[in-house]
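Hello,

Here is the structure we spoke about handing over. Please open it first, then read the notes below it.

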Amino acid sequence: PWFIVSSLANGFWIVAWHYYRPFVALVLILLILVSLARICLILSEEKLSGRGFWLVRLPFSVYFGWVTVAVIANVTALLVSLEQLGVLSLGLLALEFWTVLVLLVGMLIGVLVLVRLRSPAYGLVLGWSYLGIVVRHVLPWGFGGVYPVVVVVSSLGVVLFVVVSLKVRLS
């Protein structure tokens, strides 16, 4: 039933995101996240090996990782939307603060989930995502280093997720 919930929410999320309804999209992506968390918890308690690991546990771990990253993107989209509507005034410095705060919360949740599920694939997806943020922020055709604190925090996130993923894998 959790997979059905996540699939239905995913279909509705695509519509909400496409029509730029950030609040609705955030609620739906959180529903997907909760559904996948439940699926991954159930799978973590099962003794899967061989095909069960490669065809079930690994894909759900990767999917859960990407949805975790999508939650961060959806929160950011909602904050930007609220600023554009005049409901919230972020300003240049505040924008960097909120970005760093969302990244730090993502790191905390990511590490807790990674350790709980003991899924290096989940952690490496988050590490890859944070690396993408670093690249986007340092390249001249991206943000060109305008937000150095975001670069530092994202870089720490990459290292943290890789190290914890390796530790979980080796233990």
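Helix 1 and its neighbours

F3, N10, W13 and W17 of helix 1 are in contact with F60, Y63, A73, N74 and A77 of helix 3. Please keep in mind while reading that this is a predicted model. The axes of these two helices, helix 1 and helix 3, come within 14 Å and cross at roughly 35°. The crossing of helix 1 and helix 3 is left-handed.

Helix 1 itself covers residues 2-18, which is 17 residues. From its first C-alpha to its last it reaches 24 Å, close to the 24 Å expected at 1.5 Å a residue.

Which residues of helix 1 are buried? They are S6, A9, W13 and A16. Viewed down the axis of helix 1, these buried residues fall within an arc of 85°, so they line one face of the helix. They pack against helix 2 (22-44) and helix 3 (51-84). The face turned away from the buried side of helix 1 carries the exposed residues I4, L8, F12 and H18.

Most residues other than glycine have a negative phi. Two residues are worth a look on that account.

Y20 follows helix 1 and lies in the loop between helix 1 and helix 2. Its phi is near 50°, a positive value in a residue other than glycine. Y20 is partly exposed, with a relative accessible area of 40%.

R118 is found in the loop between helix 4 (91-117) and helix 5. R118 is not a glycine, yet its phi is positive, about 55°. With a relative accessible area of 44%, R118 is partly exposed.

Helix 5 and helix 6

Two packed helices are described by the angle between their axes and the distance between the axes. How do these values come out for the next pair, helix 5 and helix 6? The axes of helix 5 (residues 120-138) and helix 6 (residues 148-170) come within 8 Å and cross at roughly 160°. An angle over 145 degrees counts as roughly antiparallel, and helix 5 and helix 6 are therefore roughly antiparallel to each other. Helix 5 passes helix 6 in a left-handed crossing. On the helix 5 side, the contact is made by P120, G123, L124, L126, G127, Y130, L131, I133, V134, H137 and V138. On the helix 6 side, it is made by V150, V151, S154, S155, G157, V158, F161, V162, S165, V168 and R169.

Helix 6 has 23 residues, which should span 33 Å at 1.5 Å a residue. Its end C-alpha atoms are 33 Å apart, which agrees. The buried residues of helix 6 are V150, V151, V153, S154, G157, V158, F161, V164, S165 and V168. Among them, V168 is also one of the residues in contact with helix 5.

L85 sits in the loop between helix 3 and helix 4. At 63% relative accessibility, L85 counts as exposed, whereas V168 is one of the buried residues of helix 6. L85 and V168 are 83 residues apart along the chain, and their C-alpha atoms are separated by 43 Å.

Regards

Key:
Residues are numbered from 1 along each chain as its sequence is written. This is a predicted model: local features need pLDDT of at least 70, side-chain atom pairs count only at pLDDT 80 or more; totals for chains, interfaces and linings use all residues. Side-chain values use heavy atoms; hydrogens and water are left out. Helices (H or I, at least four residues) and strands (E, at least two) are DSSP runs, numbered from the N terminus. The expected span of a helix is 1.5 Å times one less than its number of residues. Buried means under 20% relative accessible area, exposed over 50%, partly exposed in between (1.4 Å probe, protein chains only). The arc is that of the directions from the helix axis to the C-beta atoms. Contact means heavy atoms within 4.5 Å. Axes are lines fitted to C-alpha atoms, for helices over the stretch in contact, and angles run from 0 to 180 degrees between N-to-C directions. Angles under 35 degrees count as roughly parallel, over 145 as roughly antiparallel, 65 to 115 as roughly perpendicular and the rest as oblique. A crossing is left-handed if the near helix is turned anticlockwise from the far one by less than a right angle, and right-handed if clockwise.
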